[in-house]
Each structure stands twice: as C-alpha cells, then as structure tokens.
Amino acid sequence: MKNQLDINFIRSQFPAFQNEKTQNLAFFENAGGTYVPNTVIEKLNDFMITKKVQPYGDFSASIEAGEEMDNSMKKIAELLNVRHDEFIIGPSTTMNMFLLSNSLKDSIIEGDEIIVTNQDHEANIGAWRKLAETGVVVKEWCLNPETAELEISDLEKLITKKTKLISMCHTSNVIASINDLKTVVKIAHDQGIKVVGDGVAYMAHDIADLKGIDIDFYAFSLYKTYGPHLALLYGKKELLEKTKNLNHEFLQGDVPYTLNPGGPNHEELACLSGITDYYENVYNHHFGSDKSNLNKKGKKVFELIYDYEENLIKILLDFLKLKKNVRLLGKTSHLRSDRMPTVSFTVDGMSSYDIAVQAGKENIGIRNGEFYAWRCLQGLGIETNDGVVRVSMVHYNTIEEVQRLINFLDTIL
Ligand SMILES: Cc1ncc(COP(=O)(O)O)c(C=O)c1O
C-alpha cells in the first residue's frame, strides 16, 4: 500500500498543537509564517541557556556555539543540495533582496534592462525597481488579467539585447500557481541573462531543485518553512564572486559573507538544523532510518506532503467553486502540478476584512489584504485595502480544520 502522511505523528512534532492556547485554532495563515516543530524550539532553547556567548572562541560554550551554527549551515546546504558557501542567512527575504540588488549595482548599469513581474510580492520587485535611480530601465512582465498567470510569450516580447536580469516568483503568495522557472531560466541563459527566483511561497511545500533549474539566485524565508525569523539567499558561487562587497573592507573577497553585513542572528542560525532534523524525523517515521542524504530524504517527505496537501485543497476548492458569489483567483485545479495549497478569493458584496474578522471569532485563522502583492491585485482589478481573503494551508492542517472553515464560510456566503 502507498505510504500516506501520518498526520497524528506530524502534529505531535509541533508544540502549538498541544498547547491549550493554540490547539483549537484552525490555523490557515501559514503563508504569513508557519508554526515550528519541537526540534527547532529545543535547539533554540538550549542555545540560549548553554551557548549564548560570542561563538568561535576557545572555551567550550563558545566552541559549541560555533559548531552548532556551522552544523546548521552544513545541514541546510545538504538539504538544498548546494555548497555551504553558496548562500547567506539574513534577517528576511526583503532585506536579502536589497542586499543582492545593491551588490549587483556595478554590473547592471545605466541603460541596461531588467524585467520584474506584477505577480510578485513587493520584496522581489521593489529592490530591483530601485535600480531605476541609477538609470537602469525596468520593464514589467504583466500577468494575464483573466487568468492571473504570467505567460512566457509575454516575457519573450520584453527581452532585448540589453536585458541583464529577470526577477520572478517561483510561486505567488496570492495566486499560488507554480511558475515554470526552469523554462524561464533556459530562455534567459540562452541570451546571457541572469534570473532571480523568489521561493518564499514555494519552499514550505517542496524543496526547489536549485541546481536542476539552474537558477542564478534564489531566496526564501525560513520562518515560512518551519524555522525562526530568518531568510536564505542562494547564489551560484561564480556569480557571488562577482558581486560587490557590502561588508567590512577587510572582508573583501570573503564570499558569501561579502553580502551578509552583520551576519545572521546566532541563536536562530543555530536552530536551523532543527528544520532538517524535523524532516529527518518525518522520513524515519514513514520510511525507516537509512543513510540517504538530506536532500533525498527531504524529497521523499515532500512526496507524501504533495498528496496530503492536494487532498486538503481539493476539499476547499470543490466547496468554493460551487459558490456563485465567490471569485477565486488563479487556477481552480487542486493538482500539485498546478498550484500550492493557498487559496485567495473575494466575495461579491462582502468585505474581505469582515470575513477574516468573523472567522477569527470562530477561532479560524485566515487574513485579508494585499499581502504586499499589491501590484498583483491591481493587475486583477481588485481594491488593495480590503484585498482578498487568503487561506494558506500546509501539511499539518487537517481535513477536520478545512471542514470547520467550510462550515463557517457556508454560513456567511
Ligand atoms: C512570495 C513572498 N516573497 C517575499 C516575501 C518577503 O519575505 P520576508 O518577510 O522574509 O521579507 C514574502 C512574505 O510574505 C512572500 O510571501
């Protein structure tokens, strides 16, 4: 029989589901930030008690602090199947994108062109749009207002000999369909163009194959992938080596720290290996422990998660599709090949804010707004203050929770 995700085991790993304050909340705001498993919390706690000293010194607490931090870098590199010196850990994706765009200022100059989308979260638009201040020409790849999708044929029309960079989301945090990054990268590389991918809305549901896609730079937020409030920026080593040093003068050449002034928060970095420990525990529980590397284990775990998440979103989509007063954004298919389990919608004659507030009273956590994807909502003709209602699920949500949400929506729609 096909292995299925053991939801009881999954929920037992997250203390939020055992705590009386949070256990009855049907939490559907995961695209805003996920819960953390005990493996992360325990490491954080232990670091704060026994290793909260300046790391990399010569006494045991300091040696161990450094070792824990290095261990996280090593484990994350193995999970992503990249080198440990091909990424930095910073405070947020917004900040990491600003660091990246600033570090490329010497190579993208006046008269050069870059392409951004209007489907993205502003973090992956604003940092690039700011380069217009130095004379860079910024072009917008607009989504199709009927389907909310980015169409490759539209991108091709925007590319010229002067195009240096394309920046786009792997998945939009509102539309949720999976953009074909691999094809975009192929088109771009054939013409010497670099591609930046925003994987923030993707990485809670899969491990992007960065080497397979051949993406040049890729960013995602670790607090949305079961970790603390940190974010990761990946770049191909040979490209990172060409970026400008944003760090202290004496660190010139010390790639990738040249992009990481101040470095990450130590205790949070140290507990990142709690994320990979969590995936490993899920793997061992479902497949038995073995010596496969973390990337292989992670991929197997996410195969289970795909099926499980598809089932959750199908139930919600099937309900919403029948409601004549509901405008669903993006694809109506529940298939993983089409979309992630985030559903955004508006309701004729009802404010999205009111729906979110009423849900809150029923202990159902959803939100309304533009989720910083305001250009996306504008492109779809949706008023950005009230915005959409967004329901974002991950693999620890249950069918019962989705049913609770449906029962609530049924009473108000
Ligand atoms: C798709 C997407 N990109 C970027 C960001 C920005 O991430 P951060 O909060 O780490 O700056 C978000 C945050 O919601 C997002 O959803």
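Me: Ala, Val, Leu, Ile, Met, Phe, Trp, Tyr, Cys and Pro count as nonpolar, Asp, Glu, Lys and Arg as charged, and the others, Gly among them, as polar. How do the residues of the shell around the ligand divide?

Reply: The model is a predicted one. In it, 14 residues surround the ligand, and Ser92, Thr94, His121, Asn173 and Val200 are the closest. Sorted by class, the shell holds 6 nonpolar, 7 polar and 1 charged.

Me: Which helices each supply at least two residues of the shell around the ligand?

Reply: The protein contains 15 helices and 13 strands. The helices that each give at least two residues to the shell are H4 (93–103) and H5 (123–129).

Me: Why is one side of each of the strands at the edges left without a neighbour in the sheet?

Reply: An open sheet of 7 strands, with mixed pairing, has the order E2-E8-E7-E6-E5-E3-E4. Its edges are strand E2 (87–90) and strand E4 (137–141). One side of each is without a neighbour because each has a single partner strand.

Me: At about what angle does helix H7 run to E6?

Reply: Strand E5 (residues 163–169) and strand E6 (residues 194–198) run parallel and are joined by 5 bridges; Ile166 is placed opposite Val195 in E6. Helix H7 (residues 181–190) lies across E5 and E6, and its angle to E6 is about 160°.

Me: What radius of gyration does the protein have?

Reply: For 413 residues, a compact globule would have a radius of gyration near 22 Å. The value for the protein agrees with this, at 21 Å.

Key
Residues numbered from 1 in each chain as written. Predicted model: local features only at pLDDT ≥ 70, side-chain atom pairs only at ≥ 80, totals over all residues. Near = placed C-beta within 6 Å. Helix = DSSP H or I, 4+ residues; strand = E, 2+ residues; numbered from the N terminus. Rg over C-alpha atoms; globule rule 2.2 N^0.38 Å. Pairing = 2+ DSSP bridges. Contact = placed C-beta atoms within 7 Å. Axes fitted to C-alpha atoms, helices over the stretch in contact; angles between N-to-C directions.
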